[in-house]
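Subject: Structure handover

Hi,

Here is the structure we talked about. Notes follow below it.

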Amino acid sequence: MPELVHIIDVESGNLRSLQNAIEYLGYETYLIKDASDPALKTATKLFFPGVGNYGHFVKMMNDKGFETPIREYIAAGKPLMGICVGLQTLFNESEESPGIPGLGMIDMNLKKFNANNKSVPSIGWNTVSLLDEKNTFYGLDPNDRYYYVHSYAGIVNDSQVEQLQKEGWELALTTYGDEKYIAAVSKKNVFATQFHPEKSGEAGLKVIKAFLSQEATSPKADVLVSNDGTNNGLSRRIIACLDVRTNDNGDLVVTKGDQYDVRDKDAKGGDVRNLGKPVELAQKYYDQGADEITFLNITSFRNSPIRDAPMLDVLKLAARTIFVPLTVGGGIKDVIDPDGTKVPASEVAGLYFRSGADKVSIGTDAVSAAQKYYSLGGKGDGTSPIETISAAYGAQAVVISVDPKRVYVSSPTETKNKTIKTLFPGPNGEDYCWYATTIKGGRETTDLGAYELAAACEDLGAGEILLNCIDKDGSNSGYDLELVQHIKEAVNIPVIASSGAGKPEHFAEVFDKTTTDAALGAGMFHRDEYTVKQVKEYLRENGFQTRL
């Protein structure tokens, strides 16, 4: 019989990923949903994971009666591993939710990252440095990279590090921009990480396996390296995107088109272009080293996202063996099911989180939310999918998918939207342009600018922008660099450049000439013209940090 591993469930984000990782390593899992569950007293290895808002997480922990049993479990000397907000709960409190006390085991408060030349939240792959000679960090390796997604952290200076070490804490640190923070802690039977090992590929699986087997040794880093481009700091994220839809035979396929037209004009009957099966292609890109995988469901969800069993199955199957973040997009909104049941967007999102997704992507409804935001004088009313999902699962779980197209004007006074002076004049010699947002998969154009959309969505609670470009889609001519930098200047949250990549040089170009946080590829990977690994190797050869 496989050994049973227990996980505390306070209804925080995607626990399915952690269960999948533990079960992949040969164990069984059991979720403890309430402190009255007798399993909490018999557990011998316990995980305490969390994502999202610190205050919401602590409140759920207390409402479910977990605080005292967790303290008793730790006092009994049994192994506990905290993950992300599970680590943060060990602190006194957080700037994210002032006045809400944590467990107070680490005598510090959590602070929000500053936005000095970096995006917040921090999303991506970073390193760690181990500072203690005992090295009881369960497989943590300074040579590996791990997946982080958070806005608040245990930001430390040298005196705080020294004090925590005097109190018996072993520390692993990393840097983000000009700030140094706690990446992991260890003390006796307590081990916790700010990063998500269940989403950190083979490196993360190694950490989980070492904790479960209680093999508490790790290599030692010589020094903590500052973010000078040689070690610490986020690597360049490469994301593989799969446009998923049903073809005319009802089969779920990965497709790709030109400016969102996915039908093959040369095929008899013009059926949907079929480039492969979603789970198989996702697994291939994971094996090639993709940092994240995005599924954009471009036809389903429109009538009944709750009953879209095939896409849920795709997520469930992919999440069993793919241990990097998974994003799903398409129809994440308030819906009315065919039977008349009203289903709020947060519940729709929860369905996909429980199936294996880590983030949800919102498109058309983000435009509606932004339009309402401006009609209310620059504020939300708490009802949009962005606000409700962010409140329940955290900003990092909400990605805004923007589908803009370029509109040329002779003068900025011709539009209410933010313009740029372009290096590529329009058909009538126009020197300026703005980017109009579209909805319904690019089929309808609105009068809301992409700059204005991005700014509004950040204020409403979104954590990331997936920036497509209808003009560049399927062109293989490179990203719209002017658009990418335009949107980067609108927000402080991370931006993913999308649409137009046709060769590794295009990825290097967008990282070199813009401040984008990540870059996404699709058709060039699906057609086997280049692999994800080849793109990363090219970036590494040209001086960019990547996770290999």
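Cysteine 84 lies in strand S4 (residues 80-84). Strands here are DSSP E runs of at least two residues and helices are H or I runs of at least four, numbered from the N terminus.

This is a predicted model: local features need pLDDT of at least 70, side-chain atom pairs count only at pLDDT 80 or more, and totals for chains, interfaces and linings use all residues. Residues are numbered from 1 along each chain as its sequence is written, and side-chain values use heavy atoms, with hydrogens and water left out.

The UniProt annotation "binding site", from an unreviewed entry, covers Cys84. UniProt positions follow the numbering used here, feature names are shortened, and annotations may be inferred rather than shown by experiment. Cysteine 84 has 3% relative accessibility, so it counts as buried (under 20% relative accessible area; exposed is over 50%, partly exposed in between; 1.4 Å probe, protein chains only). Beyond neighbours within four places in sequence, cysteine 84 contacts Gly50, Val149, Thr193, Gln194, Phe195 and His196 (heavy atoms within 4.5 Å).

Now strand S1. S1 spans residues 4-8; 4 of its 5 residues are buried, so the rest of the structure largely encloses it. S1 runs parallel to S2 (residues 28-32), joined by 5 bridges. Pairing takes at least two DSSP bridges between two strands. Histidine 6 sits opposite tyrosine 30 in S2. S1 also pairs with S3 (residues 46-50), in the parallel sense, over 2 bridges. There, isoleucine 7 has phenylalanine 47 as its bridge partner.

Best wishes
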